Amino acid sequence: MTELYVYQTLHLESGHPRFLSEHLNLLHEDARTLFNRPIRISEEKIRREIDRIVFREKYFSAATSFIRIACHESGRIVLTPEGRSLYEGYALRSLHPDAVSLQYELPMHDMPTSASEAVSAEARCAARIRGAELALRCDRNGYCRSIEGHPIAGICQNQLIAPPARRNVERDLLLRAARHLALTVSEVFFSQRDLSRFEEILWADHRGITALGHIDGLPLMSLTAEKLSAAMELVARQ
C-alpha cells in the first residue's frame, strides 16, 4: 500500500525556487494537521536537495521548471522533478479545458495529499463520462470549491470572486495580482447556480493560471485571466 503524503509543488525560475519558505510552512502545517504530530522539515536540507535535482535535471537552463516536495506519514521527505514548463514564469496556459460541476467531498477539504489526487483522477473520469475534461468540485451544500485540488475563482464585471480556501501560495499571488489590476476582490462563496453569471472561471497553481473554456456547457472567456497571469509574474518579482 502506498504511504499517504502531503505535498507542495515548487515553481523554479532558472533553477531557483520561488517562495520556498512559504511552501515549506504550508507543508509543515498540513503534515501536522493530517498526521496529528509535528514533523521536522529542514529548509537547509531541502535547498541542498533542490540544488542536486537542478544540477541533475539541468533545470538551471530552463526558464521555468517544477519540483514536488512530499512529506510522508513516516516523516520521510521526498523531492521529485516535475519537468520543465513550456512558458516563462507564471503564465496563462494555452489550454482552456471544459468542466462540469460535480458534487463530491474530500476528507481533508482540498488539502494537497496523495489521497486527494486519487479522488481528482476519479472526478476526471466522471467528467469525461459527461463530455467534459475536468470536474469543478462543489460541496454537499452546492458551494463551488476547487478544480484539480486548486482553489477556484470567477470573474464577473471587473470583480474577482474567490471562495474562502486553505492557505495557498498561488491563490495569494492571484489575489495580489487582482488588486494590482484594480479589480474588486471578494472572498465569498458562490454556488453551482451562480456559475452562469461568470464571464471567466479560473484557478492558479504552480504553473500560472488556467482558464476554463466552458462550464456545464456554457462558454467562458479568458481576457482578464491573461492580464492576471502577467500581474502574478510582476507581483512575484516584487
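The model is predicted, so local features need pLDDT of at least 70 and side-chain atom pairs count only at pLDDT 80 or more, while totals for chains, interfaces and linings use all residues. Residues are numbered from 1 along each chain as its sequence is written, and side-chain values use heavy atoms, with hydrogens and water left out.

Let's start with the whole chain. It has five helices and 15 strands, taken as DSSP runs (H or I, at least four residues, for helices; E, at least two, for strands). The radius of gyration is 18 Å, close to the 18 Å that the globule rule gives for 238 residues, so the chain is as compact as a globular protein of that length. That radius is taken over C-alpha atoms, and the rule is 2.2 Å times the number of residues to the power 0.38. Along its principal axes, the C-alpha trace spans about 50 × 40 × 30 Å. Of the 238 residues, 51% are buried (under 20% relative accessible area with a 1.4 Å probe, protein chains only; exposed is over 50%, partly exposed in between).

Now the rings. There are three aromatic pairs (Phe, Tyr or six-membered Trp rings with centres within 6.5 Å; planes under 30 degrees apart are stacked, over 60 edge-to-face, the rest tilted). Here are two of them:

| Pair | Centre to centre | Plane angle | Type |
|---|---|---|---|
| Tyr5 and Tyr7 | 6.3 Å | 65° | edge-to-face |
| Phe190 and Phe198 | 4.7 Å | 55° | tilted |

Tyr5 and Tyr7 are both buried. Phe190 is buried as well, at 1% relative accessible area, and Phe198 counts as buried at 5%.

Arg68 lies over the face of Tyr7, 3.9 Å from the ring centre, and the charged end of Arg197 sits over the ring of Phe198, 5.2 Å from its centre. The cut-off here is NZ of Lys or CZ of Arg within 6 Å of the ring centre and within 35 degrees of the ring normal.

Tyr7 turns up again in the largest pocket: among the 46 lining residues, Tyr7, Asp110, Glu148, Gly149 and His150 lie nearest its centre. A pocket is an open set of points on a 1 Å grid over the protein atoms alone where a 1.4 Å probe fits, with protein on both sides within 12 Å along at least five of seven lines; lining residues have an atom within 4 Å of a point.
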